[in-house]
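Subject: A structure for you to look at

Hello,

Here is the structure I promised to pass on. Please open it alongside this note, and I will walk you through what turned up.

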Amino acid sequence: MGLFDIFKRSESHGETRRAQPAGKAGQTPDFDKLAERTQQDKTKESLDALWGAVYALEDWYMIAAGEPPNVGPFIGVIEDKPFVFVFTEPEKAAEAAKNRGLVDKNGDPHLLAIPVAGFVKTVETYLEKGIFGVYFNDCKNAFYTPLTDVKSMFQFHRGGSDKSV
């Protein structure tokens, strides 16, 4: 089991099933460049471009923590605050897992692919556990948002397209 051993949690039942990694060929924006531009410019346009791309994704990828059947996303601490570590691409998640030593006995990372809308529906659960925010891409150009903003950002960037959230 390795990089392409990604699991996808069913929105309706919390079940975990195998999923394929995100496609290539221009389907995923360059989040490093978007985040770098936002950190430099700090403009509404750069923020909208970054967050619009984040919320346009079908899935967010996470490093799996725990053992089946009790698997959930890795929670890390940044500046004394707990964050759900989320990645825009499975390759970024796998690289971060390896860099942090979050691998199995064979050195392979295990990842989760969670539908964005499904994650948004679980925000209250994370808040109840004392999780502060969502930390994206755990790299030089990492970025974050407080969990309290996730639902409204989702609705703003998806145009209110999913009223069930």
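Let me begin with Asn137, which sits in the loop between β8 (133-136) and β9 (143-146); helices (H or I, at least four residues) and strands (E, at least two) are DSSP runs, numbered from the N terminus. Before going further, please note that this is a predicted model, where local features need pLDDT of at least 70 and side-chain atom pairs count only at pLDDT 80 or more, while totals for chains, interfaces and linings use all residues. Residues are numbered from 1 along each chain as its sequence is written, and side-chain values use heavy atoms, with hydrogens and water left out.

Asn137 has a positive phi of about 70° although it is not a glycine. Most residues other than glycine have a negative phi, and most peptide bonds are trans. With a relative accessible area of 3%, Asn137 is buried (buried means under 20% relative accessible area, exposed over 50%, partly exposed in between, with a 1.4 Å probe and protein chains only). The hairpin of β8 and β9 that holds Asn137 has 6 residues between the strands.

Those two strands pair in the antiparallel sense over 4 bridges, where pairing requires that DSSP finds at least two bridges between two strands. Phe136 stands opposite Phe143 in β9. β8 also pairs with β6, in the parallel sense and over 4 bridges, and there Tyr135 of β8 is the bridge partner of Phe85. Gly133 and Tyr135 point one way from β8, Val134 and Phe136 the other way, and all are buried.

Next comes helix α6 (residues 147-157), in which Leu147, Val150, Met153 and Phe154 are buried. Seen down the axis of α6, these residues fall within an arc of 105°, so they line one face of the helix; the arc is that of the directions from the helix axis to the C-beta atoms. They pack against α2 (44-56), α4 (116-121), α5 (123-128), β8 and β9, with contact meaning heavy atoms within 4.5 Å. Thr148 and Phe156 are exposed, on the face of α6 turned away from its buried side. After α6 comes Gly159, with a positive phi near 65°.

Two other loops deserve a look. Asp80, in the loop between β5 (75-78) and β6 (81-86), is not a glycine but has a positive phi of about 65°. Asp80 counts as exposed, at 76% relative accessibility. Finally, a cis peptide bond joins Pro68 and Pro69, with omega about 5°; Pro69 lies in the loop between β3 (59-67) and β4 (70-73).

Best wishes
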